[in-house]
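Student: I'd like to walk through a model with you and learn how to read what I see. Could we take it one feature at a time?

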Amino acid sequence: MSGIITFLNLGFPTDFFAQWFLIAFPKAWVVAFPIVFFVAPYVAKLAESLCKK
């Protein structure tokens, strides 16, 4: 996802992969990992409860 957003914002410059992998990807990872880590158990329980019906 961060690669797509970087592409939409910058186009495809010669340093695209450096801009994405060294700047955008780590920032997105720092935000996304804790969200997934804390939210995933609740989503799994919700999905399980919905599938049991």
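This is a predicted model: local features need pLDDT of at least 70, side-chain atom pairs count only at pLDDT 80 or more; totals for chains, interfaces and linings use all residues.

Student: Which secondary structure elements does the chain have?

Tutor: Begin by counting elements. Here there are two helices and zero strands. Next, ask how spread out the chain is. Its radius of gyration is 16 Å, well over the 10 Å that the globule rule gives for 53 residues, so the chain is more spread out than a compact globule. The C-alpha trace spans about 50 × 20 × 10 Å along its principal axes.

Student: And how much of the chain is buried?

Tutor: Buried residues account for 9% of the 53 residues. The accessible surface is about 4,700 Å², and 78% of that belongs to carbon and sulfur atoms.

Student: Let's take Thr-6. Is that residue buried or exposed?

Tutor: To answer that, hold the relative accessibility against the cut-off: buried means under 20%. Thr-6 has 8%, so this residue counts as buried. You'll find Thr-6 in helix H1, residues 2-10.

Student: What does Thr-6 touch, leaving out residues up to four places away in sequence?

Tutor: Thr-6 touches Gly-11, Phe-16, Trp-20 and Ala-24.

Student: Now the rings. How many aromatic pairs are there?

Tutor: The count comes to ten aromatic pairs. For each pair, look at the ring centres and the angle between the planes. Phe-12 and Phe-17 are 6.0 Å apart centre to centre with 90 degrees between the planes, an edge-to-face pair. Phe-21 and Phe-25 have ring centres 5.9 Å apart and planes at 15 degrees, so that pair is stacked.

Student: Why are Phe-21 and Phe-25 about one helical turn apart?

Tutor: Because they sit four residues apart in helix H2.

Student: Which residues form one aromatic cluster?

Tutor: Phe-7, Phe-12, Phe-16 and Phe-17 do.

Student: And how far apart are Phe-33 and Phe-7?

Tutor: Check both sequence and space. Phe-33 and Phe-7 are 26 residues apart in sequence and 22 Å apart in space, C-alpha to C-alpha. Phe-33 lies in helix H2, residues 16-52, and counts as partly exposed at 43% relative accessibility.

Notes. Residues are numbered from 1 along each chain as its sequence is written. Side-chain values use heavy atoms; hydrogens and water are left out. The radius of gyration is taken over C-alpha atoms; the globule rule is 2.2 Å times the number of residues to the power 0.38. Buried means under 20% relative accessible area, exposed over 50%, partly exposed in between (1.4 Å probe, protein chains only). Accessible areas come from the Shrake-Rupley method with a 1.4 Å probe; for residues, only the protein chains shown count as cover. Contact means heavy atoms within 4.5 Å. Rings of Phe, Tyr and Trp (its six-membered ring) pair if their centres lie within 6.5 Å; planes under 30 degrees apart count as stacked, over 60 as edge-to-face and the rest as tilted.
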